[in-house]
Amino acid sequence: MSNYFHYQQDQLFVENVALADIARRFGTPTYVYSRAALSDGYRQFAEAFKERESLICFAVKSNPNLAILNLFAKLGAGFDIVAGGELQRVLAAGGAANKVVFSGVGKSEAEMRLALSAGILCFNVESEAELLRLNEVAGSMGKVAPISFRVNPNVDAKTHPYISTGLKQSKFGVAYTDALALYRKASAMAHLRVTGMDCHIGSQLTEVSPFIAATEKVLALVDTLAAEGIKLEHLDLGGGLGIRYNDETPPSIAEYAQALLGAVQGRSEKLIVEPGRVLVGNAGVLLTKVEYLKPGEEKHFAIVDAAMNDLMRPALYDAYHGVQPLLRRAATAKEYEVVGPVCESGDFLAHARKLAIEQGDFLALMSAGAYGMSMSSNYNTRPRAAEIMVDGDAIHLIRERETVQQLFAGEKTFL
Ligand code: LLP
């Protein structure tokens, strides 16, 4: 557990607030974030990269709440977006358009228009077809689109296959072997300005070596282009640094930064990175209540009021999230499957956890700040959770719990 989430006597606290107080006051399931954890994480990142001109573009998809985007914007962050909606969030949260990079394999014409009107820093182009469309759209608006290609370096990120993006068979980026020809083509197009090169090889990486291997491959292309007179202004090395959920030992932010800075030493390009998980993952937890304890023939179940729709990672990736009771009891712990109320066998949050709990107790699902709320859904017509940000002893509601009425407000019967 981090310093931001800690037990005082037998109560789990975030900063100076007992999480059980939040659970009682706002109900469950509820996401809770520590403002100090978020800002300290960002500052560590900025500090680690300060020796050269760099821009830290927070990956909005990992946690797009406006309060979180606003906090990072105030700390100087740029943003990595993958959809027009994310750009609208960044702007609504006070983020600067000229610090936004736009990744994603399927940018629509409308999204391109939105980003061109806002004046983003760079489109990370992921195919030749997208390049042609962007040139056309920019031309029709009398604009010039700043671009980089997301190059797929064919490097194994050694992470979960669903979140590995830098291998040949992946849908992401342009093939390494096509990149030079595409750059030549793009640099001759009237409504595009080639400004950088980008790569992102996956998420939850727990070693530095794949980042360095990818960087070296990308730099070889940058140098070949420079020799032909195509000079790039920035290098975007993506996100992907992993965090500790259970027993992983990822490199620290400082170690990761040192390795990247070493790989680009002596070069003049500005550096961009796109961290998501490492800035928010361990800054948030999901609070839930034990509805029932159900003894089974082989396994005991703790049926809680959070489910796969609130936190999808266990169901989707078999991901591990720590489970901590908000009140530690002296009783002997029993082993439980922690499951939600959704009608799917895949609706589990944690397997085989030793817990001393009673019906009505509150639990925290740990390390839930990244890809938790952002991947939640309304499956089973379950309103999405509330979100809270704690700052010292202040409790801020940063997203109200959804109501069922909101869920079907846009639907019509036609009889
Ligand atoms: N940049 C690009 C282009 C990305 O696709 C991603 C994440 C990031 C940056 C941020 O990566 P991070 O620093 O967060 O690893 N839902 C999955 C993770 C999906 C990651 C997708 N891309 C999960 O819950 O593990």
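Select helices H2 and H9 to begin: H2 passes H9 in a right-handed crossing. A crossing is right-handed if the near helix is turned clockwise from the far one by less than a right angle, and left-handed if anticlockwise. Helices (H or I, at least four residues) and strands (E, at least two) are DSSP runs, numbered from the N terminus. H2 covers residues 35-48, and its axis lies 9 Å from that of H9, at an angle of about 30 degrees. Axes are lines fitted to C-alpha atoms, for helices over the stretch in contact, and angles run from 0 to 180 degrees between N-to-C directions. H2 and H9 are therefore roughly parallel to each other; angles under 35 degrees count as roughly parallel, over 145 as roughly antiparallel, 65 to 115 as roughly perpendicular and the rest as oblique. Show the side chains here: Gly41, Gln44, Phe45 and Ala48 of H2 meet Ile253, Ala254, Tyr256, Ala257 and Leu261 of H9. Contact means heavy atoms within 4.5 Å.

This is a predicted model, in which local features need pLDDT of at least 70 and side-chain atom pairs count only at pLDDT 80 or more, while totals for chains, interfaces and linings use all residues. Residues are numbered from 1 along each chain as its sequence is written, and side-chain values use heavy atoms, with hydrogens and water left out.

Next, select H5 and H6. Their axes come within 10 Å and cross at roughly 55 degrees, and the two helices are therefore oblique to each other. The crossing of H5 past H6 is right-handed. On the H5 side the contact is made by Glu109, Met112, Arg113 and Leu116, and on the H6 side by Glu130, Arg133, Leu134, Val137, Ala138 and Ser140.

A salt bridge is a side-chain nitrogen of Lys or Arg within 4 Å of a carboxyl oxygen of Asp or Glu. Glu130 is in helix H6 (residues 128-140), whereas Lys107 is 23 residues away in the loop between strand E7 (100-102) and helix H5 (109-118). Are Glu130 and Lys107 buried or exposed? Both are buried. Buried means under 20% relative accessible area, exposed over 50%, partly exposed in between (1.4 Å probe, protein chains only).

Now go to Arg267 and Asp223, a salt bridge with its closest N and O atoms 2.8 Å apart. Arg267 lies in the loop between helix H9 (253-263) and strand E13 (270-273), and Asp223 in helix H8 (residues 209-227), so the pair ties together parts 44 residues apart in sequence. Asp223 is partly exposed, at 39% relative accessible area.

Move on to strands E1, E2 and E3, which form an open sheet in that order with antiparallel pairing. E1 and E3 (17-18) stand at the edges with a single partner strand each, so one side of each has no neighbour in the sheet. E1 pairs with E2 over 4 bridges; two strands pair if DSSP finds at least two bridges between them. Look for Tyr7, which stands opposite Leu12 in E2.

End at Asp10 and Arg328. They form a salt bridge, with the closest N and O atoms 3.9 Å apart. Asp10 is in the loop between E1 (5-8) and E2 (11-14), and Arg328, 318 residues apart from it, is in the loop between E16 (323-325) and E17 (334-339). Arg328 is partly exposed at 39% relative accessibility, and Asp10 is partly exposed at 38%. How many salt bridges does the structure hold? It holds 19.
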